[in-house]
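Student: Could you walk me through this fold, bit by bit? I'd like to ask questions as we go.

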Amino acid sequence: MSRPPLPPFTRETAIQKVRLAEDGWNSRDASKVATAYTLDTKWRNRADFVTNRDEAEAFLSGKWVRENEYRLIKELWAFTDNRIAVRYAYEWRDDSGNWFRSYGNENWEFAEDGLMQNRHASINDLPIREEDRLFHWPLGRRPDDHPGLTDLGL
């Protein structure tokens, strides 16, 4: 199975790959999202380490149980042949109704078939007031006309 766009990336295909990843994560469908990763994918996500696709799916399932009303925006930072760096922010609330904006950077490495084989994420959580939220689209894919991170001053 291949997952276009495939490396080596151009600026246009790297931007497309980033948007596809954003769309997938905004679906909050862990089993679907996990198919974008190699069977032996390796992740570092904060203090969590994932060593295969099944662990990635379990990680994502737990994440989206804890992080309610999850909305994410990713933006290309840099790319080379089979690597992409992104910055992102997402908003979510916990079970007590507290809102957060989480900021992060990810470094991705892709196999020839376009599946992600390595993902290194660094993330910081900022408590925000509900009235300070910036991501207001209905749950799911961010609308094409919704501002990105740079447009929002993030």
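**Starting from one arginine**

Tutor: Let's begin with a detail: the side chain of arginine 53 reaches the backbone oxygen of alanine 34 at 3.3 Å. A polar contact is a pair of N or O atoms within 3.5 Å; within protein, one must be able to donate a hydrogen and the other to accept it, and residues adjacent in sequence count only if both atoms are side-chain atoms. Keep in mind that this is a predicted model, where local features need pLDDT of at least 70, side-chain atom pairs count only at pLDDT 80 or more, and totals for chains, interfaces and linings use all residues. Residues are numbered from 1 along each chain as its sequence is written, and side-chain values use heavy atoms, with hydrogens and water left out.

Student: Is arginine 53 buried or exposed?

Tutor: Buried means under 20% relative accessible area, exposed over 50%, and partly exposed in between (1.4 Å probe, protein chains only). Arginine 53 has 18% relative accessibility, so it counts as buried.

Student: Which helix is arginine 53 found in?

Tutor: Helices (H or I, at least four residues) and strands (E, at least two) are DSSP runs, numbered from the N terminus. By that numbering, arginine 53 sits in helix H3.

Student: What is the order of the six strands in the open sheet?

Tutor: Two strands pair if DSSP finds at least two bridges between them. The edge strands, E2 (48-50) and E3 (68-79), each pair on one side only. The pairing is mixed, and the order reads E2-E1-E6-E5-E4-E3.

Student: In which sense do E1 and E6 pair?

Tutor: In general, strands of a sheet pair through backbone hydrogen bonds, either parallel or antiparallel. In this sheet, tyrosine 37 stands opposite methionine 116 in E6. Five bridges link E1 (residues 37-45) with E6 (residues 116-128), and their sense is parallel.

Student: How many bridges join E4 to E5?

Tutor: One place to look is alanine 85, which stands opposite asparagine 107 in E5. The hairpin of E4 and E5 has five residues between the strands, and there glycine 97 takes a positive phi near 90°. The two strands run antiparallel, and the number of bridges is eleven.

Student: At about what angle does helix H3 run to E1?

Tutor: Axes are lines fitted to C-alpha atoms, for helices over the stretch in contact, and angles run from 0 to 180 degrees between N-to-C directions. Helix H3 (residues 53-66) lies across E1, E2, E3 and E4, and its angle to E1 is about 50°.

Definitions and conventions: Contact = heavy atoms within 4.5 Å.
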